[in-house]
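This briefing describes one protein chain for a reader who is new to structures. Please keep the sequence and the model in view while reading.

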Amino acid sequence: MTAAMRDIAAALNVSAYDAQLLRLTNNAVFALPDAGIVIRIARTHQLRDRVTKVVQLARWFAELDASTIRLARGVKQPIERGGLVASVWQFVPPHPRTPTVEDLGAALRTFHALGVPSFPLPLWDPIADVRRRLADADRLSKPDRDFLADWCDRLEPEVANLVGRGTRTLIHGDAHPGNLIQEPSGRTVLCDFDATCVGPWQVDLAAVAVGEARFGGTGKHRSLATAYGFDVTADPSWPLLRDARELKMIAAAVPLLTTGSRIAGEFANRLRSVRINDSTARWTPFADLALPKSRR
């Protein structure tokens, strides 16, 4: 991915000497501050359709002047290099103010009011996403694979029922403060539209509530509920939304598993807590474990 980033920078006629790895999960995200761009590379070529969707959404957001991150100007996208697919975005300089859950609540309220674009978007289907990861998980043990597959089988009809009877709107799909960026102007914008789809808007309010339960902290969910005007934990769909979110939070590590790695250890910790039905077990974000210590 680093080689692909350098190739893309060369193709754009910009230097990669100051490239900084910002994030390494399902994508490698590199900032090139002097060039004013961010290069976001999907880990596998199988994610090409997702990258294409994100680029299409970004262009639509720009037409609406939505509060979202913008693609780099004048770059034909997506870009393919070394069997990988990438998108290129405008670099936003670091801001002294860190976006809050209150900002997220306001951003989501506006985002959900955008409507649904005319081009096709997938329906919210966390189970299909997990099954794709399991199909490409050569380092996953059979007991763990079977457990996750059974979990998918149990949730699949419940998810289909919720999508079928609920109000469908545009949903971000991975709504948490880490996917907010503060622009120099002071405007807060959303980023990372890999999981954006159409479905019940309550999905976007579940991530913070589940994150608080699993990663620790108090008050964030309450602040989000106040800013948005709705408490998702009081919704009848909350048990399903939490279950589906935790399944995705565990399966996200499947492509990253290597024997003895910190991510593999955290994956085992998460899976164990679900197996023994320990809803109080604390988890560590995979992103914190994936970056080199100098970047955490």
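## A residue in strand β3

Ile 41 is buried, because its relative accessible area is 1% (buried means under 20% relative accessible area, exposed over 50%, and partly exposed in between, with a 1.4 Å probe and protein chains only). The structure is a predicted model, in which local features need pLDDT of at least 70 and side-chain atom pairs count only at pLDDT 80 or more, while totals for chains, interfaces and linings use all residues. Residues are numbered from 1 along each chain as its sequence is written, and side-chain values use heavy atoms, with hydrogens and water left out.

- Ile 41 sits in strand β3, which covers residues 37-42 (strands are DSSP runs of E with at least two residues, helices are runs of H or I with at least four, and both are numbered from the N terminus).

## The chain as a whole

- The chain contains 10 helices and nine strands.
- For 296 residues, a compact globule would have a radius of gyration near 19 Å, and the chain agrees with this because its own value is 19 Å (the radius is taken over C-alpha atoms, and the globule rule is 2.2 Å times the number of residues to the power 0.38).
- Along its principal axes, the C-alpha trace spans about 50 × 45 × 35 Å.
- Of the 296 residues, 49% count as buried.
- Among contacts between residues at least 6 apart in sequence, 69% join residues at least 24 apart.
- The accessible surface is about 14,100 Å², and 51% of this surface belongs to carbon and sulfur atoms (areas come from the Shrake-Rupley method with a 1.4 Å probe, and for residues only the protein chains shown count as cover).
- The chain has 38 positive and 32 negative charges, and their mean positions are 3 Å apart (Lys and Arg count as positive, Asp and Glu as negative, and His and the chain ends are not counted; the place of a charge is NZ of Lys, CZ of Arg, CG of Asp or CD of Glu).

## Cysteines

- A disulfide is a covalent bond between the sulfur atoms of two cysteines.
- The structure holds zero disulfides (the cut-off is a pair of cysteine sulfur atoms within 2.5 Å).
- The closest cysteine sulfur to that of Cys 191 is in Cys 197, and at 16 Å this is too far for a bond.
- The sulfur of Cys 197 is 16 Å from its closest cysteine sulfur, in Cys 152, which is also too far for a bond.
- Cys 191 is buried, with a relative accessible area of 12%, and Cys 197 is buried at 5%.

## Two further buried residues

- Thr 188 lies in strand β8, residues 188-190, and counts as buried because its relative accessible area is 15%.
- Beyond neighbours within four places in sequence, the contacts of Thr 188 include Ser 67, Arg 97 and Asp 103.
- Thr 188 and Leu 104 are 84 residues apart in sequence, with 8.6 Å between their C-alpha atoms.
- His 172 is in the loop between β6 (169-171) and β7 (180-182), and is buried with a relative accessible area of 0%.

## Backbone exceptions

- Most residues other than glycine have a negative phi, and most peptide bonds are trans.
- Asp 65 has a positive phi, near 55°; this residue lies in the loop between α2 and β4 and is exposed, with a relative accessible area of 54%.
- Asn 277 also has a positive phi, near 60°; Asn 277 is in the loop between α9 (262-275) and α10 (286-290) and counts as exposed at 69% relative accessibility.
- A cis peptide bond, with omega about -5°, joins Gln 77 and Pro 78, and Pro 78 is in the loop between α2 (48-64) and β4 (79-81).

Methods
Contact = heavy atoms within 4.5 Å.
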